[in-house]
Amino acid sequence: MLVDSRLRFDNFVVGSANRLAVAAARAVADTPGTVYNPLFMYSSSGLGKTHLMSAIGNQVAQKRKDLVVDLVTLDDFVQQLHEAIAAGETEKFQERYLQIGVLLIDDMQFLTGHRETQTELLRIFNALTADGRQIVMTSDRPLSEIADVDERLITRLAGGLIVDIGAPDYETRMAILKAKCEERGVRFRGGVIDEVGRLEFKNVRELQGALNRLIAFQTLGGGQVDPEAVVSILGDLAEQRARTNPPRASGEFANFLTDISLAVAHHVEQWKSRLNDGIAYWSGEGYRTGILERVLQDPTPPTSVESVLREFEGTVSKLRDLERQLLRIDKALAAHDAFRDPDRLDEAEQLLERALRTSAPPPGPSASFTRAGFEVGASNQLAVRAADAIVAVPGSRYNPLFIHGPSGVGKTHLMNAIGNGLIDATGETGGVACVPAQMFVDELIGALQEGTVDRWRARYRHAGALLLDDVQFVAGKERTQEELFHVFNALYADGRQLVFASDRPPRELSGLEERLRSRFEGGLVVQMQSPDRALRERLYDRFLKDLGVEPTSEMLTYLADRAVASVREIIGTANRIVASAEVKAVAVTASFIRAELQPDDGEVLRAAAMRTASDTFFLDGEKIVWQWPDAATRLVEELR
Amino acid sequence: MSLVNYATREITCKIVYYGPGRSGKTTNLHYIYGQVPEDRKGKMVSLATQTDRTLFFDFLPLDLGMISGFTTKFQLYTVPGQVYYQTTRKLVLQGADGVVFVADSQARQLEENIESFRDLHANLAEQGIEARTVPLVIQYNKQDLPPDLILSAHELSDALNFRGVPEFAADALHGPGVFETLRSISEVVLKRLSAGATAGSR
């Protein structure tokens, strides 16, 4: 928008109510970008804001041809921005504004609610002021009264000079009337202008309206206006207006006022005003402002009041974040005073932490897997001894303990038994997390979806011990590994026990990050093998007894001689023998067992042959997509 | 008292005109009052005796309007100069942000000037105020009188202005020096704002 060339400093009437604004505007026009940047002028309508702003624009355009001057109303700015967004040309929009040397924005009060405009303005302001370019703004109300404006933007705008323009006093009104009459070439009888000037018009437009009516009356045949007739000619315009008695002499007082205005503008500590604006804003938002009040009371001003306010804002947003998290767990606690007092950020953090710790502890070990029910043999004794040592002195000797071995050899049983042992030892039921890795992954995905990762993380970080089964499932899952890494470090640093179980040793877990692998290997890695003969004999003895069969030594010798891959296979065989005997209604004897299992031996051999002959790749359930427990959520996890 | 209230956005300055009896303190205020445009004029309160001598004190509120976003008000007080109104002087002096010492330039009044100036310091000290920290301006009034009756501003300065504060020769009856004095004390008082010496400035 072009600056109206008729609005200049030389035809702006200066009075006590606008003297400071004029002085500031002139200073800005003389040396744009160096003093009072940004300059924010506010006043009621019709007191000359736009005139002054245009005067700056005209003077700069005349004296500094190298500077681009642009005057926009905020409305135009918003419209241009919307058009740019619609056309996908926001960059072009920004570029256009970044070319400007003196940016004049009228009617800033319309900023209310335009969030995207505020963001864009903030960006442009930062870029322009950083480059020493001048910004001048006007508004019909003080900055603090423009509702719903981003605090950061207010901070920027308040960083320069804020001046107000008051209603014209008698002398100013007289000067304006005389200037207007001269401009229009109109002459009134003596006393007429004084009569109009005495009417206390609150703005210059009304004053001009009154003068226009008198001019019209006089030039359109009404004859010369008498001072006594002024009020009746003006009619409604003059009604209910207070009248000023012309002062005897006021030149000295006016000069005094000017000097005092400059002294006040110079000496009033703008930082205190800013701090008070901040205090008013944040207490309006419901936050305690003790921190700011202390800065205010400190006789030495802060190095940067803006950074004090920014820091305060940062603390408030932290509090808001904590409050938001706590709302999901405990609404009552979220209403705690500490969440409204930046002085008590630590307390608020502790409240949240405590709430997280006490809310829904991670799953613990299954009570049915006990150490007493675990049979020890040569094939698993190393792991069992380590387990016993851990229960005796958790977190110190074998930390972490990494148990690996084929499926069904009792890793899960032993791990749960360790968990139960730790609970017994510490007496803390909620403190031991014993989870399958798949559940760990699924929980994390759920937390990511709900945005409650912090809470999820805190649950594990506050666990007394972490026992993670089937840890091979975290391989290849970057986010899970990242979280596991941090949980591991937190617990390890705190001397809490970590136990992992997997179907293969850490070095064979492809897709496992090196930082986790090295940590797993840093403790004790033990293998659990397929049950040895002695163990097989003991296991058959126990399982058959459990099923109500008293095994003979012949039975046990026969059964124990048969090689098995896992304990699960032994349980399966025992179950099958007993079930079959029941169906056939015969007693379980050594010959029955032999007859029952004989044909199977051939099958077992065939299966074993097939297993070795075919590509082992396909025997790994993990690699066959349709066997994945929940392919969809897993994909989500992989994508995060 | 509160000089600058950042919370309510108000600046209030209390300026006390101090000096011996008949030195022209009230005359200063009257002149200022006469210059204030009607729309800004508060009511000047003068508690005077029948012979127009200030018995208690004069009070002139000056509403300077909005300055830099602050509602600015100056309150000008005079104290009764007569020696026996000591209590009133102390009361008026309480909470003063600045003091104008109006000296009578007549040669025969020199002792009274010195006595009153001492009295000012004593009263400030009694209120626990270090006199050197109080904004002070000295006015040598009645410089319009015949030269043989008065001491020059220079001579009075030698006698009174040992602190080297701003000083003005004045003729309060006709105006010269009155606003210069007021402007000077106002500026000294306002300067204290930025020096951070305003106790309870919130």
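In chain B of this predicted model, confidence is lowest in strand S3 (residues 45-48), where the mean pLDDT is 63, and highest in strand S7 (residues 136-141), where it is 96. The chain as a whole averages a pLDDT of 84, and 88% of its residues score at least 70. Residues 197-202 of chain B stay under 50 in pLDDT, and the model has 15 contacts for them beyond four places in sequence. The model scores are an ipTM of 0.85 and a pTM of 0.42.

**Composition of the chains**

Chain B contains five helices and eight strands. Along the sequence these elements follow the pattern β-β-α-β-β-β-α-β-α-β-α-β-α. Chain B has 202 residues, of which 48% are buried. When contacts in chain B between residues at least 6 apart in sequence are considered, 69% join residues at least 24 apart.

Chain A has 27 helices and 10 strands. Its residues number 640, and 39% of them count as buried. For chain A, 78% of the contacts between residues at least 6 apart in sequence join residues at least 24 apart.

**Backbone geometry**

Most peptide bonds are trans, and most residues other than glycine have a negative phi.

| Site | Feature | Angle |
|---|---|---|
| Asn37(A) and Pro38(A) | cis peptide bond | omega about -5° |
| Asn399(A) and Pro400(A) | cis peptide bond | omega about 0° |
| Asp107(A) | positive phi, not a glycine | phi about 60° |
| Lys142(B) | positive phi, not a glycine | phi about 65° |

Pro400(A) is found in the loop between helix H17 (381-392) and strand S6 (401-404) of chain A.

Asp107(A) is in the loop between strand S3 (102-106) and helix H5 (115-130) of chain A. Because 18 other C-beta atoms lie within 10 Å of Asp107(A), this residue is partly exposed. Lys142(B) sits in the loop between S7 and helix H4 (153-160) of chain B. Lys142(B) has 23 C-beta neighbours inside 10 Å and therefore counts as buried, the cut-off for burial being 20 or more.

**Contact of H20 with H21 in chain A**

How do the axes of helix H20 and helix H21 of chain A cross? Helix H20 spans residues 453-461 and helix H21 spans residues 478-493; their axes come within 9 Å and cross at roughly 40°. An angle under 35 degrees would count as roughly parallel, and 65 to 115 as roughly perpendicular; H20(A) and H21(A) are therefore oblique to each other. The crossing of H20(A) with H21(A) is right-handed.

On the H20(A) side, the contact is formed by Arg457(A), Tyr460(A) and Arg461(A), which meet Glu483(A), Val487(A), Ala490(A) and Leu491(A) of H21(A). By class, the residues of this contact comprise four nonpolar and three charged, with no polar residue among them.

How values were computed. Residues are numbered from 1 along each chain as its sequence is written. Chains are lettered from A and ligands numbered from 1 in the order in which they are written. This is a predicted model: local features need pLDDT of at least 70, side-chain atom pairs count only at pLDDT 80 or more; totals for chains, interfaces and linings use all residues. Axes are lines fitted to C-alpha atoms, for helices over the stretch in contact, and angles run from 0 to 180 degrees between N-to-C directions. Helices (H or I, at least four residues) and strands (E, at least two) are DSSP runs, numbered from the N terminus. Angles under 35 degrees count as roughly parallel, over 145 as roughly antiparallel, 65 to 115 as roughly perpendicular and the rest as oblique. A crossing is left-handed if the near helix is turned anticlockwise from the far one by less than a right angle, and right-handed if clockwise. Two residues are in contact if their C-beta atoms, placed from the backbone, lie within 7 Å. Ala, Val, Leu, Ile, Met, Phe, Trp, Tyr, Cys and Pro count as nonpolar, Asp, Glu, Lys and Arg as charged, and the others, Gly among them, as polar. pLDDT is the predictor's confidence in each residue, from 0 to 100. A residue is buried if 20 or more other C-beta atoms lie within 10 Å of its own, exposed if 12 or fewer, and partly exposed in between; C-beta atoms are placed from the backbone.
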